[in-house]
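Student: Could we go through this structure together, one question at a time?
Tutor: Gladly! Have a look at it first, and then ask away.

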Amino acid sequence: MTISTHKHHRLPHTFLLALFSLYASLAIGADTMQQYQLVKKDSGYVLQLATVPVPAITAGQILVKVHAASLNRRDVFVLQGSYPGGDASGNVPLSDGAGEVIAVGKDVQAFKVGDRVAGTFFALWRDGKFSPAALASARGGSVSGMLAEMVVATEDSLVRIPDHLTYEEASTLPCAGVTAWNALFKAAHLQAGEYVLLEGTGGVSIFGLQFAAAAGAKPIITSSSDDKLAKTRELGAVGTINYKTKPDWEKEVMTLTNNAGVDHVLEVGGQDTIGKAAASIAFGGHIALIGGLSGFGGNLPALGLMGRGASASGIYVGSKADFEAMNVFIDKHKIKPVIDRVFPFAEAPAALKYMEESGFIGKIVIKVGS
Ligand SMILES: NC(=O)c1ccc[n+]([C@@H]2O[C@H](COP(=O)([O-])OP(=O)(O)OC[C@H]3O[C@@H](n4cnc5c(N)ncnc54)[C@H](OP(=O)(O)O)[C@@H]3O)[C@@H](O)[C@H]2O)c1
């Protein structure tokens with residue numbers, strides 16, 4: 001269905017608008033919808049459920065009925081008020097979501113009603129280099145996100161999702177999936193047989209593990225929990241280390257790799273892990289600087305990296321083009337994201353609390369709608 005207005009129409013403009021909104025609400029089935037909003041409290045935000053009008057789309061816009069949204073550690077940081085960026089008051093939380101196109105505006109070429117889609121993390125990064133404009137377009141903070149029954153998007157901010165994935169599975173891809181993909185295949189060139197080190201069993205790390213295993217590489221993963229480590233073996237980890245019982249885990253990494261070190265690290269731990277990541281790196285290896293779970297800080301030893309011809313680079317999720325490249329790989333290997341738990345829409349605050357408690361592995365999802 002394409003909703004468009006025709007310039008040659010002789011009916012009054014207000015009549016046309018009324019007709020348009022009647023047509024849209026009949027097609028969409030409602031005049032109002034529910035969404036969560038970020039509401040300022042102390043130095044952070046709380047989630048508040050609101051009933052709002054179904055958004056009207058204009059030329060170039062696409063209306064998506066969201067079926068699932070997923071959580072990232074960033075969403076906790078946004079609520080705590082510690083995530084950089086502008087004021088998020090009144091905006092819809094969560095960067096990640098997937099759903100179905102239910103209306104398209106004039107001039108939309110790439111999507112049609114019924115398409116299964118996910119939103120990109122950055123609303124304004126189609127391809128090419130990262131830019132200030134892209135940086136300012138991260139959803140779920142100072143730009144509205146996906147925890148709503150319907151969202152308005154543009155062609156540049158949506159991708160088609162692989163057929164073998166449910167909406168819940170696809171909702172986990174935009175941030176954690178694309179970040180892990182770029183760390184392994186764009187910032188570096190992962191080859192079969194190489195060692196990949198993952199820190200902890202959260203979203204980015206579990207995607208990194210699955211991608212590495214699918215590519216024939218050898219994932220080594222750390223966790224604070226032996227039970228979680230047992231699960232990672234089922235996902236393809238060739239080496240597991242409990243970083244609580246083995247605080248000098250970089251030595252274990254060396255033992256597991258016959259003192260060669262790992263070819264890739266997805267560095268999500270931050271100040272507590274960055275030095276250990278550097279101590280674990282192999283000649284010619286690459287450290288993807290991704291996160292600060294223990295706080296940003298710590299130092300990378302220049303001489304240590306130089307002496308091994310190793311490199312490190314910062315990753316910030318990725319573009320729509322990166323998301324599409326990742327989807328080709330996910331489709332080829334029929335990778336299924338690891339979902340720990342799905343919460344109903346009404347229990348979104350409980351889902352965020354569950355993330356804060358860190359008892360999960362992989363991804364946490366919120367089902368939207370019935
Ligand atoms: N730069 C980017 O583009 C980008 C994209 C996505 C995420 N990030 C950042 O990357 C980090 C991970 O994000 P996420 O969404 O994957 O997190 P997540 O799903 O919340 O992962 C949390 C898990 O990480 C592990 N963990 C916590 N503290 C740790 C530490 N000090 N050392 C090692 N592991 C630790 C724990 O696993 P166990 O229970 O197994 O110990 C915890 O359950 C965050 O800082 C996030 O902001 C950055």
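Student: Which element gives the most to the shell around the ligand?
Tutor: Keep in mind that this is a predicted model. The elements giving two or more residues to that shell are helix H2 (73-80), H5 and H6. With three residues, the one that gives the most is H5.

Student: How many of the residues that surround the ligand are charged?
Tutor: In total, 31 residues surround the ligand, and the closest are Gly200, Gly202, Ser223, Ser224 and Gly291. By type, the shell has 11 nonpolar and 15 polar residues, and the number of charged ones is five.

Student: How far apart are the end C-alpha atoms of helix H6 (residues 203-214)?
Tutor: Start from its 12 residues: at 1.5 Å a residue, they should span 16 Å. The model agrees with that, as the distance between the end C-alpha atoms is 17 Å.

Student: How many residues of H6 are buried?
Tutor: The buried ones include Val204, Ile206, Phe207, Leu209 and Phe211. They pack against several elements, among them helix H5 (173-185), helix H7 (226-234) and strand E15 (363-367). H6 is mostly covered, and of its 12 residues the number buried is 10.

Student: Which glycine follows H6?
Tutor: Look for a positive phi, near 80 degrees, in the residue after the helix. That residue is glycine 216.

Definitions and conventions
Residues are numbered from 1 along each chain as its sequence is written. This is a predicted model: local features need pLDDT of at least 70, side-chain atom pairs count only at pLDDT 80 or more; totals for chains, interfaces and linings use all residues. Helices (H or I, at least four residues) and strands (E, at least two) are DSSP runs, numbered from the N terminus. The expected span of a helix is 1.5 Å times one less than its number of residues. A residue is buried if 20 or more other C-beta atoms lie within 10 Å of its own, exposed if 12 or fewer, and partly exposed in between; C-beta atoms are placed from the backbone. Two residues are in contact if their C-beta atoms, placed from the backbone, lie within 7 Å. A residue is near a molecule or strand if its C-beta atom, placed from the backbone, lies within 6 Å of it. Ala, Val, Leu, Ile, Met, Phe, Trp, Tyr, Cys and Pro count as nonpolar, Asp, Glu, Lys and Arg as charged, and the others, Gly among them, as polar.
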